[in-house]
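Please look over the structure shown here. The text after it goes through a few local features in turn.

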2 protein chains.
Amino acid sequence: MDELRERLALIHDLKRAGWLLSWDQLTMMPPNGTESRGDQLSTLDRFAHELFVSDEVGELLEGLAGSAKDGDESIDAALVRVARRDWEKARKVPAELRAEITRAEVRGVPAWAEARKNSDFQAFLPYLRRNVELKLQYIECFADSGKSAYDILLDDYQEDARSEDITAVFARLKEELIPLIREVAAGEQVDSSFAHGHFPVEKQEAFGREILERLGYTSEAWRLDPTVHPFATSIALDDIRLTTRYSEADLESIFHTTHEFGHGIYEYGIDRELNRTPLAELNSMVLHESQSRLWENLVCRSRPFWRFFFPKLQELFPDQLGGVNDEAWWRYVNRVEPSHIRVEADEVTYGMHIILRYELEQEIIAGRLELEDLPEAWNAKMKEYLDVDVPDDAKGVLQDVHWSGGSFGYFPTYLLGTIASVQIWEAARAEMTDLDAQMESGEFGPLREWLGDKLYRWGRRVPPEEMLARIVGGPLDAEPYLRYLKAKVADIYGVKV
Amino acid sequence: MDELRERLALIHDLKRAGWLLSWDQLTMMPPNGTESRGDQLSTLDRFAHELFVSDEVGELLEGLAGSAKDGDESIDAALVRVARRDWEKARKVPAELRAEITRAEVRGVPAWAEARKNSDFQAFLPYLRRNVELKLQYIECFADSGKSAYDILLDDYQEDARSEDITAVFARLKEELIPLIREVAAGEQVDSSFAHGHFPVEKQEAFGREILERLGYTSEAWRLDPTVHPFATSIALDDIRLTTRYSEADLESIFHTTHEFGHGIYEYGIDRELNRTPLAELNSMVLHESQSRLWENLVCRSRPFWRFFFPKLQELFPDQLGGVNDEAWWRYVNRVEPSHIRVEADEVTYGMHIILRYELEQEIIAGRLELEDLPEAWNAKMKEYLDVDVPDDAKGVLQDVHWSGGSFGYFPTYLLGTIASVQIWEAARAEMTDLDAQMESGEFGPLREWLGDKLYRWGRRVPPEEMLARIVGGPLDAEPYLRYLKAKVADIYGVKV
């Protein structure tokens, strides 16, 4: 066990070093460093991978496999289970395919960025085609897993996720969301005139930091920096890096920042005993997104949150916000409005953006959709689900980076995480009856500690489905999420739901 | 050769990744990340080292040893020469000793920082003792090299440097510098009243960047960030990171920044053909310091430099500098004044700070000086060389970080580099007769290109002594340096020299 731990610790170090290199690339690195950074990252990845897939690790795992009894909940037992699962998966992908996937990603991402700039899907098509080809080869490596092609992809983001379950959950959402969105669109929109104007970055940053510090950010263990596409990463459990994006035309940065805080606080909350093991890595994208969405939406779009913070925001921007109250602001940050871009979507329409992608991915992987027909299929679904006409591919099929880097199966985790966030929130509220009062007085410690105890500290010790069940008492369930959305819509728009 | 290059490229990547981790630690990392950063750095170092000292590399080098003919100046021949030299040295140090040296450094540096804070040499003494013990064990590893103990240490910073030569050069300096310093001290000091006051960091930073951009910094390939102890590092040949330190009480940051620029431009100027090989690493600390000192002193403390830049500085700080002219400023930045702290020393007294350390290091390594007597020996030499009374050990023997990290043999390279900088400057002036006129019009491109052609682009292709000889036509020589200092002193102080 000591030998296994030692080796896994070295792999952990190499991976985290790589995460720092990636963070630096997106926040600090001068642009001409790109090519060398590619070399450095691929070298780190290569060593971490080779060290892990070695026969020695296999033998160590083999030797330890029998030592844990059924139901053994010790860290060691979890470590062997998780490492064995990862090892078996990693061994199945030949080094050559792995390298080819990385190369295709390195080429695909800048090609996508260029194509999006020019709204030129044809220019991106060959890269997309290559990524899909490689993804199908990747799926082939797991032909003996008994899983469907798409489920093999899902497994990389959520252990043992099944598209059958997801499709059922999403069907339920479609049933409710499509009419709900239509109803809101037919009614009167909330006022947002005060939310546009000039909001200097320094003030937004100061306000973002004020929120973060209330939520649990400390400068001893965290950083916040601007970037193009916000993300969070943990270089170490005590070195959490958030990034956000500022536009001087609006205050959307608040929600980027609090979304990334949710990712960061999950990592920060992992039990220090798990450090330098795979148990300190993220459990599942679904659980991770549940936390980014919980802090972004359930906390930061709530009435009590803004009862506390709006006066401070108003003080920072008196010209724009002097004439409105916290209730008007709350309505604004919760307005529902179909739009083209997923990352700008409100809570209600967001789901349809994801379902659209999920459905298209399944068609692509099953070979039922020709890639040249993808823009058309995209636009048709946008019309059907959101009644939105897509003016060009930059605002349509080219808007997201994921497919250019070969990430298929990732999108559904955003929505599944959002669904889970409401279930977890309800569980928290059931135990903390004064949660609203706490938030209204700027107090987030008890919530943070509750989440830390139930979820964060466990890292990967408990498989994700079981982890969720322990917190919410059952499987993923769309109903609380639908109830939550409908109540909000009724509250804001007076729509009968 | 391809196999050797491939392996060296991976080692190069691991090392540069480590440099980024170190840079981040000193500029960006939240403080609680320290412990994990130590793990990450030692893991990267371990892989780079193991990969390099392997038998496979030895066999590759053996196989290639005969392929280069005498006088072969090709990149391949240089690569084999340099890699073989490094490999043989690296193989001689057992992994256990290497790890122990690293551990002692990791413990020694914070212990020193704490001891310096409290001016408590006794608290630092056990760490210093451990470092010296380990250094003596390190020297033992090279017992068959035919070198003296101190020369073995010197070799880590300047290939084949000999203390015999250094002692002779330093003796010549002492002969001249000690009386020169006394003479200046006896005369009238230049006015520096205008140089103290309140200089906001943002303005200093803007001015520093203005200088850097004139010198050759571009935001495409460089960064500049604040830190506690200024340094420069190259994450890649196209990713140069400078750091500097700002004090709002004075404008010393200008000289930190331009000093580090000298290090940065050397790295930036390395031939891209040498990338991902050991030939792209630094040739010698002497040559490297020659460039930091050349840009800091010969360029940035020169009259023509300030004829161009002083009006801009004056415009930024009209309250403080409105009443003086560029000549008064030039005299101020070149004033000579014995003081306690090496890094704040002027060009004339600087040498004595180094000679003092060099002499003490030799005594320590030879076992002729008991470590508990070190403060007393330090203070006696400060009195003898600079007529300065040391008030406490924080301002004396505890001021520098080097010994706490086990760096013995490093100090002399600062002064040797400074000596070389004047030789190189004279060679440049001999070829570029309008250098002063160029600097006076803010034009540094020709100087940068000349240095790039003669020195930077070569990387480690040519051994350092030979490299210097090619540029200046002979060996290291104190006379140009002495002439330069004396002329400056005569100019400013009217002292007859």
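This is a predicted model: local features need pLDDT of at least 70, side-chain atom pairs count only at pLDDT 80 or more; totals for chains, interfaces and linings use all residues.

Residues are numbered from 1 along each chain as its sequence is written, chains are lettered from A in the order in which they are written, and side-chain values use heavy atoms, without hydrogens and water.

Helices (H or I, at least four residues) and strands (E, at least two) are DSSP runs, numbered from the N terminus. Helix α17 of chain A, residues 411-431, spans 31 Å between its first and last C-alpha. That is close to the 30 Å expected for its 21 residues, where the expected span is 1.5 Å times one less than the number of residues. Because 17 of the 21 residues are buried, α17(A) is largely enclosed by the rest of the structure; buried means under 20% relative accessible area, exposed over 50%, and partly exposed in between (1.4 Å probe, protein chains only).

Ser119(A) sits in the loop between α5 (95-118) and α6 (121-140) of chain A. Its phi is near 50 degrees, positive although Ser119(A) is not glycine, and its relative accessible area of 25% makes Ser119(A) partly exposed. Arg276(A), in the loop between α10 (253-268) and α11 (285-299) of chain A, also has a positive phi, about 60 degrees.

In chain B, three strands form an open sheet of mixed pairing, ordered β1-β3-β2; strands pair if DSSP finds at least two bridges between them. Five bridges join β1(B) to the parallel β3(B), residues 239-244.
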